[in-house]
Amino acid sequence: MQTVDFRHLPLRPGDWVLDLGCGEGRHVISAYAAAAVHAVGVDLGMEELQATSEKFQEFAQPDHPGRSFGLVSATALRLPFADGCFDRVICSEVLEHIPDYLAALEEIRRVLRPGGLFCASVPRRWPERLCWALSDAYHQVPGGHVRIFRAAELRAQIERLGLRHYHRHWAHALHSPYWWLQCLFWPTRDNNWLLRLYHRLLVWDLMERPRLTRTLERCLNPLLGKSVVMYFRDEAV
């Protein structure tokens with residue numbers, strides 16, 4: 001399930017791409033597969049990094065001189081990289097988990113090269129508020145969401161770091177009702193027939209990408225999109 005649209009975060013041969021909070025690797029692997037880049041995934045969780053490493057094997061091109069792939073366990077508040085070493089930085093569905101997210105943004109700004117691009121995505125405010133209203137357990141799990149963002153406020157905070165916003169879109173409209181149902185039936189969610197059926201639909205959509213559901217989600221994203229995705233450019237020369 002890819003949240004970042006690489007049409008708005010174009011990858012050039014030789015780019016160094018950082019996926020901060022890479023989880024199980026959906027964006028760092030996608031970046032590696034999409035272009036001849038040096039893709040680096042960072043996450044705190046060793047289990048997530050192990051899962052990413054296993055998934056990556058299907059896409060590995062060890063004999064390609066223009067591609068490389070690496071995984072690092074590190075905190076977003078203290079990245080083990082030199083200043084200005086990444087051409088592209090992705091931070092997707094991560095900032096809502098970090099208490100001191102402003103410090104994480106400053107680290108992102110530090111490692112981004114002059115002229116580099118940054119993509120941030122977070123849960124959209126109104127679908128997320130409904131999740132919180134339906135279930136406290138949804139966000140009170142270890143490592144869960146610690147805040148609900150206002151997109152305009154987050155955009156302004158990133159722009160104050162010297163990055164110019166140039167595009168925004170929404171994503172995953174079909175997933176919003178699924179998470180509302182998860183929250184509504186939280187104590188019995190693992191055995192709920194309706195959730196199992198909806199999950200099968202989402203997996204089918206992800207694997208088959210039929211025109212019907214792709215068109216439906218594209219039309220619904222401005223209204224129901226669970227994530228807001230924003231793109232920024234460092235215009236320093």
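Buried, in what follows, means under 20% relative accessible area. Keep that cut-off in mind, as several residues will be sorted by it. The model is a predicted one.

I will start with the aromatic residues. Searching the whole structure gives twelve aromatic pairs. One of them joins Tyr32 and Phe69, with ring centres 5.8 Å apart and 85° between the planes, an edge-to-face arrangement. Tyr32 belongs to helix α1, residues 26-34, and Phe69 to strand β3, residues 68-73, so this pair ties together parts that are 37 residues apart in sequence. How do the two partners compare with the cut-off? Tyr32 has 3% relative accessibility, so Tyr32 counts as buried. Phe69 has a relative accessible area of 22%, and is therefore partly exposed.

Next, Tyr101 and Phe149. Their ring centres are 5.0 Å apart and their planes stand at 90°, so this pair is edge-to-face. Again distant parts of the chain are linked: Tyr101 sits in helix α3, residues 101-111, while Phe149 sits in the loop between α4 and α5, and the separation is 48 residues. Are Tyr101 and Phe149 buried or exposed? Both are buried.

There is also a cluster. Tyr138, Tyr178, Trp179, Trp186 and Tyr198 are linked into it by ring pairs.

First, the helix packing. Two packed helices are described by the angle between their axes and the distance between the axes.

Take helix α4, residues 125-134, and helix α6, residues 175-184. They pack at an angle of about 15°, and their axes are 8 Å apart. An angle under 35 degrees counts as roughly parallel, and α4 and α6 are therefore roughly parallel to each other. The crossing of α4 past α6 is right-handed. Which residues of α4 and α6 meet? On the α4 side they are Trp126, Pro127, Leu130, Cys131 and Leu134, and on the α6 side Ser176, Trp179, Trp180, Cys183 and Leu184. Sorted by class, this contact has nine nonpolar residues, one polar residue and no charged ones. Trp179, then, is in the contact with α4 and also in the aromatic cluster.

The other helix pair is α1 with α2. Their axes come within 10 Å and cross at roughly 30°. α1 and α2 are therefore also roughly parallel to each other, and their crossing is right-handed. From α1, Val28, Ile29 and Tyr32 meet Thr52, Lys55 and Phe56 from α2. By class, that contact has four nonpolar residues, one polar and one charged. Tyr32 thus takes part in the contact with α2 as well as in the ring pair with Phe69.

Leu195 lies in helix α7, residues 193-208. With a relative accessibility of 3%, Leu195 counts as buried. What does Leu195 touch, leaving out residues up to four places away in sequence? The contacts are Tyr178, Leu181, Gln182, Phe185 and Arg189.

Pro65 is in the loop between α2 and β3. Its relative accessibility is 78%, so Pro65 counts as exposed. From Pro65 to Val37, which are 28 residues apart along the chain, the C-alpha separation is 9.9 Å.

Definitions and conventions. Residues numbered from 1 in each chain as written. Predicted model: local features only at pLDDT ≥ 70, side-chain atom pairs only at ≥ 80, totals over all residues. Heavy atoms only, no water. Axes fitted to C-alpha atoms, helices over the stretch in contact; angles between N-to-C directions. Helix = DSSP H or I, 4+ residues; strand = E, 2+ residues; numbered from the N terminus. Parallel < 35°, antiparallel > 145°, perpendicular 65-115°, else oblique. Left-handed = near helix turned anticlockwise from the far one by under 90°. Contact = heavy atoms within 4.5 Å. Nonpolar A, V, L, I, M, F, W, Y, C, P; charged D, E, K, R; others polar. Phe/Tyr/Trp six-rings, centres within 6.5 Å; stacked < 30°, edge-to-face > 60°. Buried < 20%, exposed > 50% of the residue type's maximum accessible area, 1.4 Å probe, protein only.
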